[in-house]
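Dear colleague,

I am handing over the structure below, and I would be glad if you could look through it alongside these notes.

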Amino acid sequence: MKVAVIGWELPPAFSGGLGIHTFNLFGEMSKLIDIDVYIPRIGPLYDHYPFNVRTVELGVGVRNGAYESLTYDFYEAINRYNRAFEETNTVNGASIVHCHDWITFQAGIELKERFNIPLVVTVHSTETDRSGGFYPQKWIMDIEREGMKEADRVIAVSHYTKKIIIDTYGIRPDKISVIHNGVGKHFLELPSRDYYPTGKVLYFGRITTQKGPAFFIESASKVIDLLPKVKFVIAGTGELLNRMKEAAKSALPRGSYEFTGFIDLNKAITLYRNSDVFVLPAVSEPFGITVLEAMSSGTPTIISRTTGVGESLKNVLKAEFWDTDLIAEYIAGTVRYGGLRATLGSNGMSEAKQFTWKRAAEETLKVYRMV
Amino acid sequence: MEKGCRGDFEGVQNGMKAIVLFFEVHQPRRLRVYRMKEIGHSRNYFWDERNSEILQRISRRCYVPTLATFIENEIKASVSVSGTFMEQAQEYAPESIDSFKSYFRSGLSEVVAETYYHSLASVWNEQEFIEQVEQQVNTLKKEFGVEPKSFRNTELIYSDDIAGIVRSMGFKRMLAEGTDSIIKGNSPNHVYNSTSGTALFLRNYRLSDDISFRFSNWNWSEYPLTADKYAKWINDTPGDVANLFMDFETFGEHQVAETGIFEFIRALPHEFKRRGIDMLTLEEADKRFERRSTVSVPEITSWADTRRDLSPWLGNDMQREAFNELIKTDKKNQIWRNLQTSDHLYYMSTGTSQDITVHEYFNPFKSPYYAFLSFMNVLQDLMRQ
């Protein structure tokens, strides 16, 4: 079996979740079957990958092509990338085409029809999630819907996302499989941590409506009422960064918070492991890989109920994203009670380490065998 | 592991001709969700609505019909009823207290003592333990007019040291778990001496769990369990007496009526009778059978979870922190003692995956972490008073 994976980005270019997913999942899959990963020639590449990489020329420069930062250049690049597949006259022997999110759905449909091979699409996030429910773009939703309708099988990264695919996009439930993502091997190899109080509470993720940073700051101000000495670390960047800085300034005492800006993997691990608790109050998060990263770092974790990965986790504290009273209670509880940190952190660590890419690869192979 | 338990063979010459049924009746005063911001502002700790609802439900489904069945079919049993159960039953389901009174007057039963609060006092403070046992004994005397001489500690928590304290309080008989390590050398199917000189009854966990855990399990190879089959197992197992100890709530609550559990109990007396098996109270069994030998249990054991030790209550950091804070609070009042009820710590267990299902079944908070938070916040408030 050979599969043509229509990707968008790969490490070392960009920090986006899609590139890391492609690298990890198909790294494991390539141990089982032949994999060709197609990507546009935009960013730098490593010399070797565990799978075949086939680059597609766009004939146009892209300043910032990361999936997470949608610029005009980006839309133009997507358009050219998908059109490039219209001119392809071979799929190099692939018997399945596998696409990831709307940015490559049109290419997938094209290849399915022209080469008469089945199409599998994975939905990592939908326009509904990315817009946080505010003003989703209809033309993107149309592409998403068409891709899922044309697909022979749809893979959702959580049951939470599966439900959106059924309810919002009207896709038949019986052709959707749920496969949870894995956690990267850096995290799987981390040793256990200690639980001496650090008094630090961590937000780490893109600073966008979808991830709920405003609810983090609102919770923080309620925690300060209970425990005045707690420090809040807001790590990451995003289009709401300046607004959140303003919000923090008016809601929190000076010196009680810090914005770190962009954080790389090593720094992220240090941050996780030096925080009493990690909080992700996402408005709509299809999966939430940072949840597994924080947990496998041994750090107690609080998430919103609208965070996909939470559906199969026991050792996390869950609240509605808007319930900042309850989020504040959980933050204050983990900061105040060492026993909670130690038990939640260490049990969470073993639970998160069950999410391996090897398991995700085996389940993906099962889906390939269904088409 | 099989040794001394159920024998799956025919024609045993000295098969058991007696059983002792013992039931634990207990309900904790469950805490409500108590948030950190309430500390210093609210003393409303207990979840009265939920406690009342549970008491009424179990009274209707279990206590009242089961006790009626026992009286009707002359089923003899030894029973302990915790103080926290009795208080709440009087408040929320007084008809269940009447049912217990009728059963205790019927001559079919023996009332067994424990700590009033179903607490862990025996493992950390002798004086506190003695006071709670005395409170329970006085309550039993007042409520049911009985003077118990048999003792069963919280969830069968037992050791030589605890047996020593219990003996010094004048009790003549004690119950303990027949753990694998104890029954390696001693079949649970006899009466023993504890190191302090009381009679010691070891629970036959295989035969007990056949009813309390496996009765309605469709995947069990012996499903469905009939009274005929069960009586036959006992008759075919060597020894003097089968010690069948379980939660009273097994009948109608853990095993709901639809499983056929009541038909099973109703059929038992007949199946026992035709095989010459007698149902005895602890006192009667103590009189009838010679004590086999002295059994020493230096380490603390219990009947809970797979490890049969204190780990269901003190197994993780949260539980140990909560327990230490509880001891430190030391208020010597009723609220503090209600917080000592072992169930609060049990809800915080994150034990092994096979045990966690059982913990979750009982946990009103559904998560050990939420149970811990409310408990700790309540303690912080209590400490300030």
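The notes that follow go from one chain as a whole to the contacts between parts and then to two single residues.

Please keep in mind throughout that this is a predicted model.

Chain B first. Its secondary structure comprises 16 helices and 10 strands, and the radius of gyration of chain B, 20 Å, is close to the 21 Å that the globule rule gives for 385 residues, so chain B is as compact as a globular protein of that length. Taken along the principal axes, the C-alpha atoms of chain B fill a box of roughly 70 × 45 × 45 Å. Buried residues account for 50% of the 385 residues in chain B, and of the contacts in chain B with a separation of 6 or more, 78% are between residues 24 or more positions apart.

Next, the contact between the two chains. To this contact chain A contributes 13 residues and chain B contributes 14 residues. On the side of chain B that touches chain A, the elements giving two or more residues are α12 (317–329) and α16 (368–384) of chain B, and of the elements on this side α12(B) gives the most, with five residues. Sorted by class, this side of chain B has seven nonpolar, five charged and two polar residues.

Within chain A, the domain assignment gives domain 1 (2–182 + 356–370) and domain 2 (186–352), and the C-alpha centres of these two domains of chain A are 29 Å apart. Where the domains meet, 15 residues of domain 2 of chain A are in contact with 18 residues of domain 1 of chain A. The elements that supply two or more residues to the domain 1 side of this contact are α4 (127–130) and α6 (159–167) of chain A, and that side has 12 polar, three nonpolar and three charged residues by class.

Helix α3 (residues 105–115) of chain A packs with helix α5 (residues 138–150) of chain A at an angle of about 30°, their axes being 9 Å apart, and α3(A) passes α5(A) in a left-handed crossing. From α3(A) the contact takes Phe105(A), Gln106(A), Gly108(A), Ile109(A) and Lys112(A), and from α5(A) it takes Ile143(A), Glu144(A), Glu146(A), Gly147(A) and Glu150(A). By class, the residues of this contact divide into four charged, three nonpolar and three polar.

Two residues of chain A remain. Val183(A) is found in the loop between β7 (176–178) and α7 (185–188) of chain A, and Val183(A) counts as buried because 23 C-beta neighbours lie inside 10 Å. Although Val183(A) and Lys353(A) are 170 residues apart along the chain, their C-alpha atoms are separated by 7.2 Å. Not counting residues up to four places away in sequence, Val183(A) touches Leu188(A), Leu292(A), Glu293(A), Ser296(A), Ala352(A) and Phe355(A).

Is Gly338(A), by contrast, buried or partly exposed? Gly338(A) has 16 other C-beta atoms within 10 Å, and is therefore partly exposed.

With best wishes

Conventions
Residues numbered from 1 in each chain as written. Chains lettered and ligands numbered in written order. Predicted model: local features only at pLDDT ≥ 70, side-chain atom pairs only at ≥ 80, totals over all residues. Contact = placed C-beta atoms within 7 Å. Helix = DSSP H or I, 4+ residues; strand = E, 2+ residues; numbered from the N terminus. Nonpolar A, V, L, I, M, F, W, Y, C, P; charged D, E, K, R; others polar. Domains from an automatic or database assignment. Buried ≥ 20, exposed ≤ 12 C-beta atoms within 10 Å, placed from the backbone. Rg over C-alpha atoms; globule rule 2.2 N^0.38 Å. Axes fitted to C-alpha atoms, helices over the stretch in contact; angles between N-to-C directions. Left-handed = near helix turned anticlockwise from the far one by under 90°.
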